[in-house]
Amino acid sequence: MTHRYLLLIFLLTLLNLNVFSQDVPVTPQAALEFFRQGNYEKAGEMYAELLARYPKSSKFNYYIGICELKSNRSVSSAVKHLKYAAAHGVSKDVYYYLGRAYQLDYKFSEAIDAFEKFLKYAKPEDVRYEKAEKYRKESKAGLEKSTKIYYLQVIRKDTIGKNSFLSLYHPVKDAGYIIPNRDFFESGVDPNGILYLTERKDEVYFSMPEDSTGQTDLYKMEKLIDGWSDPMNLKEINSEFNEAYPYLNIDGVTLYFSSDREGGLGGYDIYKTVFDPDTKAFSEPVNLGIPFNSPKDDYFLVTDEFTGVAWFTSNRNTTGDTVMVYEIIWDKSVVKNMVYEENDVKIAASMPLLKNIPEKYKSINEKQGRKKSVSGKKDLFHFEITKDIVYTGFDMFHSKEALEIFKKGYELQQKKDSLSGLMALKRKKYATAKTPGERERLVNEILALEKQVYSLDSDINDYYFRAKNIEKPIVEKLVREGKYKPHNTTNEAKTKKPAEEEILIPKEYSYYTDEEFEKHLKKLDNMYKKLFPPEVAAELRKADSLYVWGNILSLESSKLLERANKQTGNEELVISSVFGKDSGNSKTEEDKSVELSRRGKELKTTALKLYHKALDKKYEIFSSKIKQVILSHPTEDFTFLEERQAQANAYFRRAVEDMNKSATMNPELYERDGSLKRKAVGYQEEGLFLYLDYLNGNTSVLDSVKTTKKKELETKTIVQKVDKTKVTENNNISHVETPARKTGNLEYRIQIGVFRKEPDKQLLNRLPSVSKLPMPNRELTRYMCGHYKTLDEARKYLPEVRKTGLKDAYIIGFYNGRVISVKEALKIQNSN
């Protein structure tokens, strides 16, 4: 009887599990149940649907943010949702998750603030209290290490099961041997651990646990005449935490290893130590910093000096039991550089693939039988299964059911592309339309096509979503088991951007713009030709095209809204039937007014989206160009570029932060932030036009900039005579110059850079006589070092400054409390 009773319970349990695993209605209760079970993928999907219905729900924003964080799907999105939840007081617990999201998003200052808010009210017995304290310390370490980072050149990255990652390392034999412990030791160590055997096979480095603590330490054994020495504990390297994954560079003295010791960014970090033959000891280990390390686990750096490549492994961008192996170029370019933009840290840590991989490194991969793609096959599509596995053909699917569902979505995608092409033709005709009636007819046709296109999006996304949910678990299982065989996968597939590709710039501007704007566009086009390669210039023209179309739609929107306000009974209304009822005289005046107003708002929203797309693209390209100019001409005085880029950064960052505060699209906010972005790009354009004048030998514009700055300086000085600025001193700034203080004598200094926030204190302590000078009306500060009477003296010390990592440091003149160019300083010096 008891057995039958237990069997009945077992069958009922299976039945319940089976029923629950089927499609469950999307309700807050069902989503919360999945959340409590730890099924964050399913819970996240439900909360995404709930949030689409109720975008202002602080609870739904809270839960979906945690789901995104736990499943490691989109940290940036998690930040946005959790910020919204925090702003609306959903729960004090939100600061724990928001802090972690900020930390994983490399926004360390914000992470520290959030964790401190959580720790203020959390009780020590809370299981998250200890973690929050640990994460806070890691965020502080991250903040310190994010002032100077490496910009690595990634030539390959592959996702693989964490027990199989070694199969993707391919150093030559002359670099030594990396093998599992089981292939060398018979017992006494973890058989799955990794050891390093020198190329001469006379030394072996490995890790094994300490008997007393259980923590793993690094050990070394040397080959003797009759066998191997006893394991020697590398005490000067080991800590009270775990050390593992040793690798000795071919120079025989540089040792790389991984440790989860305090002071790191989180999880395992990669460290470097150097053996001193005189003292017979290793140096104090140094954390390699970003992007070798992240808030997750990063380990086993292996360098191959012979082929010029290196590998390391991380789980920063993977989930479950998978990791990613990065293959990078290992040459003299692997040096730390100063960080000028906060976003640079995040970009570098994401380890983007190098766009144009040198043939040398392509041939290395081909020799190893690891071609990136199947030659001769054209990609039909780019369908992302995971972050790092992208399908480009039907033959890559493992599930027939997933393939059939995907094909239905693919067919709709072809239909959508066809309609998008027709829409592009209509837009072309609109650009040359001569009469208001023709323009209005074309606007209606374009809007009707857009409605069809956007209605297809929902069905396409539904088919793709279902196909992915069937295919993804199969692929992840194969990866975990080490059975997945990559086809034509690419980690950074270039997918088509449907909305942007079809937007074309009109040939005539007279209808919707003035002569001044047309001149500005021509001036921009000339600048693009002179400063940018053709492919980048094409991207910039496309961005201008988006902006122009935004102007067109904004103007049409204003006209429609004006008509809605002045609707009369005699006015005929032309509305495409795609919006609902047929547009005829049977409509009441109120109906007509409402319809016009709705259409006007639709056009305005579309216009705003086009503005933001255009400005985002231009800001990105211009930032990269200005940074490249400044770094490649370290001895030139490009202060006019630095200042304008700093102003652009301030406006753009303010716009982004403002937009992130809202979980839904607010047209008024969107328009205001678009204006901020426009100001940011305007500063960049102004700087690049000045740079173009500089290249053309026209210095008159630069002289006028200096004159303007001088007037600003004089104005600032007069104000400061009333309220004198104090000269302050601290541990890292030996002297602070203000515009009111005049040196009286000409001298030369070395400019470190222009910053909004104070640079790394440890760096400044290594420089002589660091001074800073506030820049009038710009909320920026110029940092300099040294006081040299002659240019030769300054030139002599400049290489020493650059050795600290300040590659863009250059010499300036300083006279009567203001900065001048070296050329101007020499003139003053010669006249005296």
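**Strands, helices and a buried methionine**

Reader: Met423, buried or exposed?
Author: Buried means under 20% relative accessible area and exposed means over 50%, with partly exposed in between (1.4 Å probe, protein chains only). The relative accessibility of Met423 is 5%, so this residue counts as buried.

Reader: What kind of model is this?
Author: Residues are numbered from 1 along each chain as its sequence is written, and side-chain values use heavy atoms, with hydrogens and water left out. Local features need pLDDT of at least 70, side-chain atom pairs count only at pLDDT 80 or more, and totals for chains, interfaces and linings use all residues: this is a predicted model.

Reader: Which residue has its C-alpha atom 5.9 Å from that of Met423?
Author: Met423 itself sits in helix H11, residues 400-432. Helices (H or I, at least four residues) and strands (E, at least two) are DSSP runs, numbered from the N terminus. The C-alpha atom 5.9 Å away belongs to a residue 23 positions apart along the chain, Ile446.

Reader: Why is helix H6 largely enclosed by the rest of the structure?
Author: Among the buried residues of H6 are Val94, Tyr96 and Leu104. Their cover includes helices H4, H5, H7 and H8, where contact means heavy atoms within 4.5 Å. H6 spans residues 94-104 and is largely enclosed because the buried share of its 11 residues is 10.

Reader: Which strands stand at the edges of the five-strand sheet?
Author: This open sheet is antiparallel too, ordered E21-E22-E20-E23-E24. Two of its strands have a single partner each, so one side of each is left without a neighbour in the sheet: E21 (770-775) and E24 (818-820).

Reader: At what angle to E20 does helix H21 run?
Author: E20 (residues 747-755) pairs with E22 (residues 780-788) over six bridges, one of them linking Gly753 to Tyr783. Axes are lines fitted to C-alpha atoms, for helices over the stretch in contact, and angles run from 0 to 180 degrees between N-to-C directions. H21 (residues 791-803) lies across E20, E22 and E23, and its angle to E20 is about 35 degrees.

Technical notes: Pairing = 2+ DSSP bridges.
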